[in-house]
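Hi,

Here is the structure I promised to pass on to you.

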Amino acid sequence: MDWKQIRVYTTHEGIEPVAAILLELGVGGYTVEDAEDFEAFLKSETPHWDYVDESLYPLRSCETSLTVYLADNEQGARQLERLLDELERLRAMDSTCSWGRLAAECGQIREEDWADNWKQYFKPIPVGERLMIKPTWESLPENGGRAVLEIDPSASFGTGTHYTTRLCLEMLEQTVQGGEAVLDMGCGSGILGIACILLGAAEVTAVDIDENAVRIARENYRQNRIPEEKVHTFCGDIMKEEALRAAVCTRRYPVIAANIVADVILAMLDTLKSCLEEEGKLLLSGIITEREEDILTGLRRAGLQILHRREEGGWVALCVVRQLEERDA
C-alpha cells in the first residue's frame, strides 16, 4: 500500500492543538520537527547521547512541523479532507497567529520508504514497572526482568511512546490482576490488548473503526505469539452498527480500555458502561487537559466516578467505576 505524507507547518505553541486534531481524526502517530525542542535537547544538562549526527543540525533553524502518513485510499482521503477543514478552523481561532501558518503540504510515499522514515526514531522503552516495548526490528540483549511486548504499529496508533498510550499501559499494569476478559475499544496497533495478555488477562476483545488498524493489530498479536483463541478482533463503528454492537456487548467485561479522544469517549460512555461488569474498571485515555472538565461532566451524567487519575505532558488518563450509590442500589 502507498501512503500520503502530510506535513503540517505550525509553531512550537501550535504543536499541541495540531496534535489534538490528529488524535481526534484517529491519527495518533506523527513525527515532530521543532527548533525549540532540538535546542533544549542540545543544552540538556543530563544528555543521553555521545554525539549528534551532523544531518540533524538543520533542525536548529527549521520551521516547526508535524508529519503524518495517511493510507492512499478512500478512508485516508476522508481523513485528509477533515484535517484540512480542522486546520482552517484553527486558523480562524488563532487571532494572534501564535500557531503559525497551519499549512498542509502533501506528497506520496511508498510503504517501504515510509517505514525507513520513522523506524529510526522508535527504540525499546520500559513502561511502568513490568513492561518493555520493543520494535519488532530491534534487538534487546537485556529486558531487566520485564515482559517484552513486540510491536510494529505500521500506520496505526500505538507504540507506547505517546503519553496517551503510556498512561493507559501504566494503568493497565495496576488494573489487570490475571484471568480477566478485557475489551480494547479503539485498539489501534493492538498494543494495549497484547499488554493485557502479557500481564495475565485470559482474553481480549479488540475493536477499531479502521480496517487497517485491525489488520495490524492481528499481525502484532501473532508476532507476540498470542494464541488465536485468546483474541477476538472486530472492525466497525459500534455506535452505528447493531450487529457489531451485539457481537461485542453480549457480555460484560471486568476491564475496558478506551484510548481514543475526548469527543468519542463522551459519545461512547453509555455504551462502555453497558459493557462494564458491576465491579469493573473502565480506563479512559487520549484526553487533553483542556477537555478533562467535559469528560468529568459526562462521567457524572453516566453515573461513573473516578477511582484513579494520571497526567503527563498535557494528557490525562482516568480509571473509573460505577458510582457507589448505583452499585449499592
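This is a predicted model: local features need pLDDT of at least 70, side-chain atom pairs count only at pLDDT 80 or more; totals for chains, interfaces and linings use all residues.

Let's start with helix H9, which covers residues 262–274. With 13 residues at 1.5 Å a residue, H9 should span 18 Å, and the 19 Å between its end C-alpha atoms agrees with that. H9 is bent, though: there is a bend of about 55 degrees at Met 268. Met 268 is also one of the buried residues of H9, along with Ala 262, Ile 265, Leu 269, Thr 271, Leu 272 and Lys 273.

What does H9 pack with? Its partner is helix H10 (residues 292–302), at an angle of about 15 degrees and with the axes 10 Å apart. Angles under 35 degrees count as roughly parallel, so H9 is roughly parallel to H10. Their crossing is right-handed. On the H9 side, the residues in contact include Ala 262, Ile 265 and Leu 269, and these three are buried. On the H10 side, Ile 295, Gly 298 and Leu 299 are among the residues they meet.

Most residues other than glycine have a negative phi. Leu 102, however, has a positive phi near 50 degrees, and Arg 225 has one of about 60 degrees.

Where are they? Leu 102 sits in the loop between helix H3 and strand E4, while Arg 225 is in the loop between helix H7 and strand E10. Leu 102 counts as buried because its relative accessibility is 0%; Arg 225, at 66%, counts as exposed.

Enjoy exploring!

Key:
Residues are numbered from 1 along each chain as its sequence is written. Side-chain values use heavy atoms; hydrogens and water are left out. Helices (H or I, at least four residues) and strands (E, at least two) are DSSP runs, numbered from the N terminus. The expected span of a helix is 1.5 Å times one less than its number of residues. The bend at a residue is the angle between axes fitted to the seven residues ending there and the seven starting there. Buried means under 20% relative accessible area, exposed over 50%, partly exposed in between (1.4 Å probe, protein chains only). Axes are lines fitted to C-alpha atoms, for helices over the stretch in contact, and angles run from 0 to 180 degrees between N-to-C directions. Angles under 35 degrees count as roughly parallel, over 145 as roughly antiparallel, 65 to 115 as roughly perpendicular and the rest as oblique. A crossing is left-handed if the near helix is turned anticlockwise from the far one by less than a right angle, and right-handed if clockwise. Contact means heavy atoms within 4.5 Å.
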